[in-house]
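Below is a short note for a colleague who has the coordinates open. Please read each point against the structure.

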Amino acid sequence: MAVLKDDDLPFDAKMLDRLAEVSIRVGLNLQPGQDLLITAPVESLPLVRRLAAEAYRNGAEVVTTMLSDDEVSLARFRHASDESLDRSANWVFEGMAEAFDNNTARLAVSGSNPLLLSGQDPVRVARAGKSMSIAAKPAMERITNFTTNWNIVSYPGLAWAKQVFPDKEDDAAVAALAEAIFSISRVDNDDPIAAWGLHQETLTKRQKWLNEKCFHALHYKAPGTDLTIGLADGHEWKGGSSTSKNGIDCTPNIPTEEVFTTPHFQRVDGIVRATKPLVHQGTLISGIEVIFEKGEIVEAKADEGEEVFLQLIDTDEGARRLGEVALVPHSSPISSSGLLFYNTLYDENASCHIALGQCYSKCFKGDIGKDPEAVIKAGGNSSNIHVDWMIGSGELDIDGVTKEGEKTPVMRKGEWAY
Ligand code: ZN
Ligand code: ZN
């Protein structure tokens with residue numbers, strides 16, 4: 001049952017005030033006069049109400065909220081016809097795209113059941129997933145192209161909490177997940193805005209080093225992994241805050257620990273084994289192992305959820321190629337928590353990861369990112385999907401490789417080497 005009143009919350013409601021403040025002021029850096037679109041699970045209303053209030057205090061003009069509910073989502077899979085799964089509500093995403101083109105900021109609250117669809121027919125799940133990603137493209141494109149300032153932040157929903165802490169009672173599980181979210185999101189201190197400022201400095205230092213090195217490729221070596229990832233021509237490393245096309249310095253992910261850039265979609269070769277499970281559209285996929293040749297996945301398997309994974313990489317041509325490469329030290333707060341969150345926003349920030357599908361056009365130097373054809377020419381991948389999965393561990397070594405083949409240690413045993 002959804003918890004909607006502050007008095008019923010099994011954690012300190014003051015933390016939600018701080019989370020809302022960080023989300024609006026650091027995450028979005030919402031500007032006076034902007035409109036804001038919030039999507040959120042209905043269970044997260046105590047946070048959504050605070051986000052709206054904080055947005056208006058910071059000068060927002062029109063805040064629109066779109067709430068979702070797990071039971072409503074499940075109803076479709078239980079009762080809708082197979083054929084109907086090939087369609088999605090395109091008009092919603094077209095409306096979002098129009099809003100983003102007109103300076104509306106985008107805020108997503110995550111917190112619903114990560115394994116909601118695990119008991120459903122994988123073919124139906126994939127079918128709906130495909131039509132959804134096609135329908136969502138106009139909105140998704142604006143996010144990957146960074147048309148507007150956006151942010152994603154989490155709320156400790158009950159089903160999610162029970163997934164992370166299966167042995168705890170309901171309230172205790174929510175309280176434990178809340179504590180993890182608040183600590184990892186750096187709001188469990190008196191001045192979270194300052195804490196984020198310090199964190200940003202560290203991320204900036206790492207990006208600067210990688211951008212100066214301007215590696216041609218990265219070579220990954222770990223048990224089950226021997227992979228070379230070519231980096232796109234003119235790639236630029238990003239991390240933490242960056243400037244959206246409407247000119248706002250925002251920090252899209254809360255939490256965030258990664259520095260990331262665009263790989264070359266034709267220059268990825270070797271074998272790679274996932275180090276953590278991936279939750280995709282409500283299904284757990286674990287033990288992923290794939291072989292890349294000339295940028296493309298030529299062999300793929302998984303211990304669990306293999307069917308969903310194979311469907312995923314068949315979504316379109318770009319779904320078999322990489323669109324992101326990200327570095328996260330093994331000692332990150334999320335990794336140190338030892339928890340598996342079943343939520344990409346958290347799990348990807350625990351570990352070095354790669355993403356299949358669409359690249360981020362903001363990860364290019366100069367004007368390359370402004371021209372879709374220049375992005376492709378530089379080696380940026382395009383696809384309707386963008387799915388991150390974790391390949392980092394305490395046993396991972398990464399070398400930066402120059403065009404001439406000269407190697408520089410980037411990470412040793414999962415930690416920064418310089
Ligand atoms: Zn990432
Ligand atoms: Zn990603």
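The points below take up a metal site, a helix and a pocket.

1. The model is predicted, and the points that follow should be read as values computed from it.

2. The zinc ion (ligand 1) lies 3.4 Å from the zinc ion (ligand 2), and Glu324 coordinates both.

3. Helix H7 (residues 170-184) has 15 residues and should span 21 Å at 1.5 Å a residue; its end C-alpha atoms are 21 Å apart, so the two values agree. Just after H7, Arg186 has a positive phi of about 60°.

4. Buried residues of H7 include Ala173, Val174, Leu177, Ile181, Phe182 and Ile184. Among the elements that cover the buried residues of H7 are helix H1 (14-28), strand S4 (150-154) and helix H6 (158-164), together with helix H10 (333-336) and helix H11 (344-347).

5. The second largest pocket has a volume of about 260 Å³. Its lining has 17 residues, with Asn145, Gln358, Ser361, Pro372 and Val375 nearest the centre. Helix H5 (122-144) and helix H12 (372-378) are the elements that give two or more residues to this lining; H12 supplies the largest share, 3 residues.

Note on methods. Residues are numbered from 1 along each chain as its sequence is written. Chains are lettered from A and ligands numbered from 1 in the order in which they are written. This is a predicted model: local features need pLDDT of at least 70, side-chain atom pairs count only at pLDDT 80 or more; totals for chains, interfaces and linings use all residues. Side-chain values use heavy atoms; hydrogens and water are left out. Donors are N, O and S atoms within 2.8 Å of the metal (3.2 Å for Na, K and Ca); water is not among the atoms, so sites may look incomplete. Helices (H or I, at least four residues) and strands (E, at least two) are DSSP runs, numbered from the N terminus. The expected span of a helix is 1.5 Å times one less than its number of residues. Buried means under 20% relative accessible area, exposed over 50%, partly exposed in between (1.4 Å probe, protein chains only). Contact means heavy atoms within 4.5 Å. On a 1 Å grid over the protein atoms alone, a cavity is a set of points where a 1.4 Å probe fits but cannot get out, and a pocket is an open set with protein on both sides within 12 Å along at least five of seven lines; lining residues have an atom within 4 Å of a point. Grid points are joined across faces, edges and corners, and a volume is the space filled by probe spheres set on the points.
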